[in-house]
Amino acid sequence: MLDKLENKDKGVLGFLAFHLLSLLTMVFKLKHIPGPLFGGDLYMIRGFTQAILQGKAPWVDPYFAGHYAYYGWLSYWVTAFLVRLTGIGLERMSIILPAFIQVLIMGAGYLFGSKFFKSKKYGIIFMLSLLSLRIIDIKISGAFATLFVLLSLWSWTMYEQGNKKHKYWMGVFLGLTGLSHILSFISVVGLIGFAVIFESIKRKKIPIKKYFIPGLITLIITLALIGPWIFVYNMNTLNPSQQYSHSDITQRGIGWIFQMVFKFFIRRGIWRLISGLVALVGLIFVCFKKKNFETRTAKYFFIGGVLLTSHFLITKPLLNNWIAPGLLWGTVNWVVYLVLLVYGLRTLQILIKNDGIFLIITGILLIGLIFQSYTNFNKDRWVNYGRQADPQMQVMFQVEDWILTNTEKDSVFLGNDESSFALNALTGRSLVIARRTHANYYVDVDKRYADAMVMLYGNNKTRTIELLRKYDVDYLYVDSNLIERPMLTRKKFENYLLKNGVNISIQNVRFDPAVADAPVYEAIVIPPQQLRLVEHNLTVPVKQFLIGQNMHSLIYQIKT
């Protein structure tokens, strides 16, 4: 088989093997997942994977029993499968697997770049330019999405260039993108969709028949995720978490769009600034090179990415709904940037007319970009945290071991929302509440918060028992977060909480305090207070955890 490969292909395989070894060397230095256990995306992914390992179906909500999944679950299922297959622990697999996915991403980039630019040389340049984004994506769901986005674009390019079998593969890869990461799915479908629409306008022909089969396959696969959203939840978003954890949409308009486009080309850091300017040259090049389908497509991608991100200018006033534009822009612009960067380098080659000098200049630019990405990785706060054996993490792993050994797989835990998030991250157990910015879009999370406050602090024992049975609560988790940190819910539950003896105050707050310019809401703040659930004699202490001689946390079993 290797005999049939060209020298460039063999060189790419050799590079990928070397790159895999270098990535494994980097990740083996990590003692645990490089992210915050309380509220971090990486540990959310770990928890969703742990839920599958503990017997939950991938299409069910890992937080709230009786609900359906609301994040693309394919990467969690694959990770769980590999844990079972290899016997490698989940924490270690969550660190190692991204290295292998990153190599696959590079290979997919080579496939796409070679076909789109009709040159394996430019395929290699496109592949290497992927490292200008990041050396490795530890977030497994994001890495899977990047892989399938590139494979979708490669398959679409093959289909447009006349390979008819790719009308099936294109649908498969797009569907797998949807099962991996819904925003990436929206982005790649949007890019391809705008390209097809603009090209249809140019050719004055709508290719409905051409894209019927790929579209049908995409829909069938993606329904495994979005089917319940449509047919069970009727797309009724009760928890608009993206709107809580991103910049206030009322502060964004046309000016913000121009600002994003400006930052797309004028980037921070000398090497990224140069690459952005080269991408600007690439945009100018494709705007004037109109006869070639691929150059037209690059232009369509740029326009489509801007239009896709600008959707809120229409959907907010008409529907009062939108996808966080900054988040959507982030899932769109990297593809557009890399395509324009390569076209900018191609323009440079045309101007220089000397392959040797061109390769030297390109090599210097790519080395500078890759070195900057490598430096950013090594200086990252959470990467350095992941290299340490933190005492807090060690005791939380003890909590994990005890819960997995001593509680049933369908047990439900009640506690502080941040701590509940961490418990799920470690054990996959179901929760009464979890931090709203990571919770199910289609569940009334604020109602669950209000009910949790009544269970914890309410003075009506009968109502407390009713709620404990309603949510099938098995355990109470008490730690410093529950004792010291307030929790929030919507103002509409004010009378309900007061009626049940819960102390509250009304304040203007951000539902995601980590985002400085997130929108502010008038909401209920529930401070830590008398833990009446314990005083009602409805709990029995079953396990305590210590850091040295100091109490870390305590688990109570619920008795109703």
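**Labels and their grounds**

Author: Leaving aside neighbours within four places in sequence, Arg 532 is in contact with Leu 456, Tyr 457, Gly 458, Asn 459 and Gly 501, where contact means heavy atoms within 4.5 Å. This is a predicted model, in which local features need pLDDT of at least 70 and side-chain atom pairs count only at pLDDT 80 or more, whereas totals for chains, interfaces and linings use all residues. Residues are numbered from 1 along each chain as its sequence is written, and side-chain values use heavy atoms, with hydrogens and water left out.

Reader: How do you know that the side chain of Arg 532 has a polar atom placed by the backbone oxygen of Gly 501?

Author: The backbone oxygen of Gly 501 lies 3.1 Å from a polar atom of that side chain of Arg 532, and a polar contact is a pair of N or O atoms within 3.5 Å, one able to donate a hydrogen and the other to accept it, with residues adjacent in sequence counting only if both atoms are side-chain atoms. Arg 532 and Leu 456 are 76 residues apart in sequence, and their C-alpha atoms are 6.1 Å apart in space.

Reader: What makes the aromatic pair of Phe 117 and Phe 126 tilted?

Author: By the rule that rings of Phe, Tyr and Trp (its six-membered ring) pair if their centres lie within 6.5 Å, with planes under 30 degrees apart counted as stacked, over 60 as edge-to-face and the rest as tilted, the count comes to 42 aromatic pairs. Phe 117 and Phe 126 are 6.2 Å apart centre to centre with 45° between the planes, so this pair is tilted.

Reader: Why is Phe 117 counted as buried?

Author: Buried means under 20% relative accessible area, exposed over 50% and partly exposed in between (1.4 Å probe, protein chains only), and Phe 117 counts as buried because its relative accessibility is 3%. Phe 126 is buried as well, with a relative accessible area of 0%.

Reader: Why is the aromatic pair of Phe 194 and Phe 198 called stacked?

Author: The ring centres of Phe 194 and Phe 198 are 5.9 Å apart and the angle between the planes is 25°, so the pair is stacked. Phe 194 and Phe 198 are four residues apart in helix 8, which means that about one helical turn separates them.

Reader: What makes the charged end of Arg 267 sit over the ring of Tyr 337?

Author: A charge sits over a ring if NZ of Lys or CZ of Arg is within 6 Å of the ring centre and within 35 degrees of the ring normal, and the charged end of Arg 267 is 3.7 Å from the ring centre of Tyr 337.

Conventions:
Helix = DSSP H or I, 4+ residues; strand = E, 2+ residues; numbered from the N terminus.
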